[in-house]
Amino acid sequence: QVQLLESGGGLVQAGGSLRLTCVTSGSSISFNEMSWYRQAPGNERELVATLTERGISTYGDSVKGRFAITRDRLKNTAYLQMNNLKPEDTAVYYCNAVLTIGAAGRGTYWGQGTQVTVSS
């Protein structure tokens with residue numbers, strides 16, 4: 001059974017930084033793609049950043065130059081470093097992974113979400 005477990009959210013002042021962590025657990029996992037999404041109250045879920053298996057990262061326009069997505073292959077862990085945070089970054093952040101799991105094939109998995117609150 002595959003699980004994605006996020007951590008690292010919290011309350012921070014505008015201009016501050018946080019690092020979110022997403023740990024993938026399970027066996028026979030091959031990584032295809034990892035993304036971070038966020039959802040603020042009343043808004044649709046928004047794609048924040050994506051990292052492909054080739055190491056190519058892309059970002060939403062609102063976070064370019066401030067956020068960075070990385071991955072530690074040995075630890076099956078992905079990170080979202082968030083710098084110069086703004087009140088509009090306040091949201092629940094979700095880890096999303098496209099994985100190939102042994103004979104089960106390719107699938108999309110979600111974490112439970114972690115709250116990020118940025119005060120002005």
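Predicted model: local features only at pLDDT ≥ 70, side-chain atom pairs only at ≥ 80, totals over all residues.

Author: Residues are numbered from 1 along each chain as its sequence is written, and side-chain values use heavy atoms, with hydrogens and water left out.

Reader: Which cysteines form a disulfide?

Author: The rule asks for a pair of cysteine sulfur atoms within 2.5 Å, and by that rule the count comes to one disulfide. Its sulfur atoms are 2.0 Å apart, and the partners are cysteine 22 and cysteine 95.

Reader: How many residues apart in sequence are the parts that this pair ties together?

Author: Strands here are DSSP runs of E with at least two residues, numbered from the N terminus. Cysteine 22 lies in strand S3 (residues 18-25) and cysteine 95 in strand S9, so the separation of the tied parts in sequence is 73 residues.

Reader: Is that disulfide left-handed or right-handed?

Author: Look at the torsion about the S-S bond of cysteine 22 and cysteine 95, which is about -80°. That makes the disulfide left-handed.

Reader: And cysteine 22, is it buried or exposed?

Author: Buried means under 20% relative accessible area, exposed over 50%, and partly exposed in between, using a 1.4 Å probe and protein chains only. Cysteine 95 has a relative accessible area of 0% and is buried. Cysteine 22 is at 0% relative accessibility, so it counts as buried.

Reader: Is methionine 34 buried or exposed?

Author: Methionine 34 is found in strand S4 (residues 29-39). Contact means heavy atoms within 4.5 Å, and, not counting residues up to four places away in sequence, methionine 34 touches residues including Ile69, Ala78 and Cys95. Its relative accessible area is 2%, so methionine 34 is buried.

Reader: Which residues of strand S11 point to the buried face?

Author: Side chains alternate along strand S11 (residues 114-119).

Reader: What is the bridge partner of alanine 91 in S11?

Author: Two strands pair if DSSP finds at least two bridges between them. Strand S2 (residues 10-13) pairs with S11 in the parallel sense over four bridges, with valine 12 opposite valine 118. Strand S9 (residues 91-101) runs antiparallel to S11, joined by three bridges. There, the partner of alanine 91 is valine 116.

Reader: Which rings are linked into a cluster?

Author: Rings of Phe, Tyr and Trp (its six-membered ring) pair if their centres lie within 6.5 Å; planes under 30 degrees apart count as stacked, over 60 as edge-to-face and the rest as tilted. The whole structure has two aromatic pairs: tyrosine 37 and tryptophan 110 have centres 5.0 Å apart and planes at 55°, so that pair is tilted. Tyrosine 94 and tryptophan 110 are edge-to-face, at 6.4 Å centre to centre and 80° between the planes. The linked rings are Tyr37, Tyr94 and Trp110.

Reader: Which residue's charged end sits over the ring of tryptophan 110?

Author: A charge sits over a ring if NZ of Lys or CZ of Arg is within 6 Å of the ring centre and within 35 degrees of the ring normal. Tryptophan 110 is partly exposed, with a relative accessible area of 39%. The charged end over its ring, 4.7 Å from the centre, belongs to arginine 45.

Reader: What lies over the face of phenylalanine 31?

Author: This is another charge-over-ring case, at 3.6 Å from the ring centre. The residue over phenylalanine 31 is arginine 71.
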